[in-house]
Amino acid sequence: MNEEPPTAPGTPPTAGPSATWHATLPGACGALLLACLSFTPSLLPRAGILQGVISGILAAIGYALGVTAAWIWRAFADRGPRPARRRSWQVFLVVALVLLGTAFGLGQYWQHRIRQLLGVTDYSVLQTIAMPLVALVLFWIILLAARGIRRAYRWTARLLRRWTGERAAKAVGGILVAVVLVFLFSGLLVDGLVAAANQAFSLRDTQTEEGVRRPVTALRSGGPGSSVPWDSLGRNGRTFAAGGPSAVEIERFTHNPAQEPVRSYAGLRTADDTESRAARAVADLRRAGGFRRHNLLVMTTTGSGWVDPAAVDSFEYLTGGDCATVTLQYSYLPSWMSYLVDQSKAREAGRELFDAVYDAWSRLPADNRPRLYVAGESLGSFGGETAFSGEYDLRNRTRGTLFAGPPNFNTLFRRFSDHREAGSPEIRPVYKNGRTVRFASDATAAVPPSGTPWEGTRVLYLLHASDPIVWWSPQLVYDEPDWIGETPGDDVLESMFWVPFVTFWQVTADLPFATGVPDGHGHTYRAEYADGWNAVLRPSGVTDRDLARLRDIMSRG
């Protein structure tokens, strides 16, 4: 934030303690504008503390923009900075109180409306009261950090002027400070935090969730006769291998004889690299008889090896237990951290696992192979996509695919969405008349385009209009996406509109809380797996009443 503290015309800018805490009027105007806009609605409801964080960040950005605009104007006017008059500050304070009060009131109204749309009842008065303090403190922390960087640049430039000319000193000084900042941030801060988090979560991975017991059936990894040791599965792997419906529970749902499903899993401690883990998982799948089942699901996990139980449980219920699922772990980090730093590992895991399964599957007699399915949620859908080159590859090498909550950077998801048919909205795109790939924001309703045949392999994406993981993109900083300009989804406030910088930070703040909303909104897809798998599998004899029962089971699970 390269503002110059106000000085008398013709005098050099001050650099003392008073300059550190001084604010310029153009900067304050910019901060006020973006602080007011920070109260506009986004996808999910915001608590008071979070609103304070967003307001503080955007106020700091607005301050920088205001200072920059004033600097550009002075350059064209060929004049130096001038101190604002006392009366100007008085007028500013009155306007600021009115605008901030209005923005706060509208913000509370919009947040109430969003909570109603999503069925969220939590509201903290204390957090709302703390909001202004949080915003002010964060604003000054960012402002003082920026001024500290500016001082470091000036000090470096003065030092270099002993050996070089003034222009060279400024240029080289700016480059040196920028390089040091990049090194500190990416080389030490980010890498150090990731390494520390990886160490902490690797210790957590050795624990077992309460109530999870080692399987007593040979149909599960870690069970009797398994080639994958129970201790090597990791925390989420042990939960996956020990979980799921039993044959009795499936029979109770289908009212027909059922089998115990096969589940194969390989954890990070199972083998040293992804290819070896995939090979171990497939070997254990073969040992447990997974290739002799009628349905085979290749599931890509999210983050620390977690699989949404509803994604696999609903598959097992609808297939009558005549199925097998294989997956593996590729990171110790939780989903949101993997989302930021482990994308390459997710890509490698999805590709290596499917290739290993497909290699073994393709060697079987054509008339004695299981029906091959692929699934993934969030970062798992990103990894699952990487095994395929496009629509025809998905159609030719699988019997069906179900991806839920795909991140905006998913290659195939973006290709299908960007090349959707004219007139179809981004939240419900129609690709190639829905011949293979379709999208649903409400899986209980007809999947568009309704009335059009959906033959052969079915690829279905589940995505909510209120899911920030689906819609977040760095391009939100400078470009309005179609989904904001179009008619909003049923759980998105019609008052939401795009503002440069503002919308990006609002949707970014929505990301950590994407799963903290009721089922059917945000990044929560539990009950919708029942209808999603029903559309992909097309099981016979499943009624609307059965699906309602299955939704209830998934919601409670």
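Helix α10 lies across β1, β2, β3 and β4 (371-377), and runs at about 160 degrees to β3; contact here means heavy atoms within 4.5 Å. Angles run from 0 to 180 degrees between N-to-C directions, with axes fitted to C-alpha atoms, for helices over the stretch in contact. Helices (H or I, at least four residues) and strands (E, at least two) are DSSP runs, numbered from the N terminus. The model is a predicted one, where local features need pLDDT of at least 70 and side-chain atom pairs count only at pLDDT 80 or more, while totals for chains, interfaces and linings use all residues. Residues are numbered from 1 along each chain as its sequence is written, and side-chain values use heavy atoms, with hydrogens and water left out.

As for the sheet itself, seven strands make it up, open and parallel, in the order β1-β3-β2-β4-β5-β7-β6; two strands pair if DSSP finds at least two bridges between them. At the edges sit β1 (262-266) and β6 (437-440), each pairing on one side only. Inside the sheet, β2 (residues 295-300) and β3 (residues 323-328) pair in the parallel sense over four bridges, with asparagine 295 opposite cysteine 323 in β3. Helix α12 (residues 343-362) lies across β2, β3 and β4, at about 160 degrees to β2.

Back to α10 (residues 309-318): its axis and that of α20 (residues 544-556) come within 10 Å and cross at roughly 150 degrees. In this contact, Ala310, Asp313, Ser314, Tyr317 and Leu318 of α10 meet Leu550, Ile553 and Met554 of α20.
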